[in-house]
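Here is a short report on one protein model. Look over the sequence and the structure, then read on.

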Amino acid sequence: IKWVFAITRGGFTSASLFPIFAVAAFLAGTGDNLFSPFSLVLCSLGIVFLHVASNLFNDYYDVKDGTDGANTEYFNAGLNSTILEGAQLSGGSRAVELGLITHKGTLSLARKMLVLTLLVTSGLLVNSFYVTGEFSNALYALIVGFLGGFLGYFYTARPLRLVSRRGLGELAIFLSFGPLMTLGALFAISSSTIELFSDLFYMALLLGIPHGLLTTNILYINQYPDTVSDAKTGKNHLIVTFGKKNARWGYLLILITAFISSILLIPSLEMFGDFNKNIFIIGNFTLFAYGLFAFINLFKNYDKRELIHSNLKTIYLQVFYGLFIVIFFNLFFI
């Protein structure tokens with residue numbers, strides 16, 4: 001199991017799952033029988049397989065481009081985290097470099113994960129039609145899923161190689177793990193037809209913004225230890241573009257924007273029923289304060305190995321926010 005997780009970086013699929021669970025929790029909190037539990041299971045499985053496939057394709061192309069091979073400063077969680085002990089935080093999975101799998105084997109496994117994604121997605125679309133009696137939800141879920149998969153694949157794959165295009169990679173991650181994820185989940189699991197540009201449609205988009213931004217910050221800070229090797233191989237993300245010192249403020253900007261967007265959900269949430277606004281605000285400010293601790297350490301240790309504590313806190317923050325949202329939505333009327 002550890003071998004599989006090391007190669008696929010499967011532990012990070014929580015970044016994909018929490019936006020889906022947030023949509024399900026919102027629907028559960030606002031009414032009865034608003035989503036299909038079986039569709040939720042299929043949607044979650046499909047997203048896990050797609051996320052893992054994207055990780056493997058990204059590893060394949062990073063090794064092919066020489067990016068991972070040139071990286072000698074990558075971060076491993078080591079013993080700094082009980083939950084993420086031994087997990088690779090940057091520099092890819094290192095699976096090829098460590099001899100856990102061949103470069104060709106990485107591509108083969110990625111393709112197999114993609115086939116599993118397609119099989120599960122087919123079942124999800126059939127179940128969506130069975131539940132709603134119409135094809136529209138399935139069609140829109142398929143379109144949104146394709147866009148997310150497209151961005152995930154071409155994050156490192158040529159000719160687009162979005163990660164090399166000074167901010168387009170970060171934008172792709174935000175969209176894939178944010179608004180596209182929550183909107184696609186709404187179409188996929190809903191037990192009734194979702195109208196385009198309806199209140200629920202916009203609610204799903206808005207719900208994805210803080211999730212997408214917090215996941216983007218994981219990618220953002222994990223690029224710090226990889227900056228030298230990434231710059232040498234043309235992986236021109238925002239840390240390379242602005243330099244480690246100046247890029248610190250980008251982390252803070254993303255963090256602030258994430259929680260502002262979360263607080264701005266309040267008017268939309270009020271449209272769907274009663275909820276405890278005070279608890280929502282207190283929870284967001286508590287989590288934001290936790291994120292500030294990560295930024296303070298980043299500000300001081302942006303060019304040191306001690307930065308790893310900020311990398312870990314950034315991952316935990318995304319998980320804590322996801323848990324908070326899921327629990328909060330399920331307590332909507334209490």
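## Charged pairs

At 15% relative accessibility, Lys 244 counts as buried, because buried means under 20% relative accessible area, exposed over 50% and partly exposed in between (1.4 Å probe, protein chains only). Lys 244 meets Asp 303 in a salt bridge, 3.0 Å from N to O. A salt bridge needs a side-chain nitrogen of Lys or Arg within 4 Å of a carboxyl oxygen of Asp or Glu. The pair joins distant parts of the chain, 59 residues apart. Asp 303 is exposed, at 54%.

Lys 235 pairs with Asp 62, with the closest N and O atoms 2.9 Å apart. These two lie 173 residues apart in the chain. Lys 235 is buried at 10% relative accessibility, and Asp 62 is buried at 6%. By this rule the count comes to six salt bridges.

## About the model

This is a predicted model: local features need pLDDT of at least 70, side-chain atom pairs count only at pLDDT 80 or more, and totals for chains, interfaces and linings use all residues. Residues are numbered from 1 along each chain as its sequence is written, and side-chain values use heavy atoms, leaving out hydrogens and water.

## Helix 3

Asp 62 sits in helix 3. Helices are DSSP runs (H or I, at least four residues), numbered from the N terminus. Helix 3 covers residues 37-64, and 20 of its 28 residues are buried. Gly 66 follows helix 3, with a positive phi near 85°.

How values were computed
Expected span 1.5 Å × (residues − 1).
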